[in-house]
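Please read the points with the model in view.

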Amino acid sequence: MATSEKLLPTRRQFLFASLLCALALLRVLAQDQPPKEEGAFREPDLVELRKLDKTIKLDIRYATSNNFTGRPVYTEARAFLQRPAAEALVRVSRALRGKGYGLAVFDGYRPWSVTKLFWDLTPADKKQFVADPSKGSRHNRGCAVDLTLYDLKTGREVSMPGEFDEMTERSHISFAGGTPEQRRLRDTLRAAMEAEGFAVYEPEWWHYDYKDWKQYPILNINFSEIGKRRGKAGK
Ligand SMILES: [Zn+2]
């Protein structure tokens, strides 16, 4: 009893300090806006990947603590892409099925506020692994996808030369280490993605940009708003 009584004010102080930090963070986020962009863009049409292809598995790390920030940054484990990119991904999925693999998606469309948060949390020497919020990310345009392969027989993700979001040389698409089988799998994914108009981001074997990314604006809407905003986006 004595111990818990002694601990009580400390815990209360800690909670109060945490609340102040959270409020400060919210204020910072509220003040920051995506960059203003000039030019004509296509009407955004984000579609949920699982609605198009049930064999696409979701492993949305940012909805869990199992990501480089150590905490969930999404409240919902869902993945969206602009329709042409999503349809191209379905074709990739179909092509890989014949080889015994499925696609496991780590992330697709990402609201701009999350890109800003990643940037603020990443030390200067690792910033090549995160997008500069003043330019926005291709994920913010709904035209980038982070993904890997899974084995259709076991349902398990395959072993690649490095881990998702690992900020080391093992992430590079031409990293020559790892096992021959790991490199073969990485290159199998790359060939299938490139055949459908996706280009790999060389420092990250898991990140692919869809060819039409320049035609879509940076978006900052939450997953839960996506259905509701349909038809109103772009205004
Ligand atoms: Zn990515």
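1. A nonpolar core is here a set of buried Ala, Val, Leu, Ile, Met, Phe, Trp, Tyr and Cys residues joined through C-beta atoms within 7 Å. A residue is buried if 20 or more other C-beta atoms, placed from the backbone, lie within 10 Å of its own. The largest such core has 41 residues, and Leu49, Phe80, Leu81, Leu89, Leu103, Val105 and Leu149 touch the most other members. Helix 3 contributes the most, with six residues; helices (H or I, at least four residues) and strands (E, at least two) are DSSP runs numbered from the N terminus.

2. The model is predicted: local features require pLDDT of at least 70, side-chain atom pairs count only at pLDDT 80 or more, and totals for chains, interfaces and linings use all residues. Residues are numbered from 1 along each chain as its sequence is written. The pLDDT, the predictor's confidence in each residue from 0 to 100, averages 90 over the chain, and 87% of the residues score at least 70.

3. Five strands form an open sheet of mixed pairing, in the order 2-4-5-7-6; two strands pair if DSSP finds at least two bridges between them. Strand 2 (57-58) and strand 6 (198-201) are the edge strands, each pairing on one side only.

4. Strand 4 and strand 5 pair in the antiparallel sense over six bridges. Leu103 stands opposite Leu149 in strand 5, and both residues are among the core members that touch the most others.

Terms used
A residue is buried if 20 or more other C-beta atoms lie within 10 Å of its own, exposed if 12 or fewer, and partly exposed in between; C-beta atoms are placed from the backbone.
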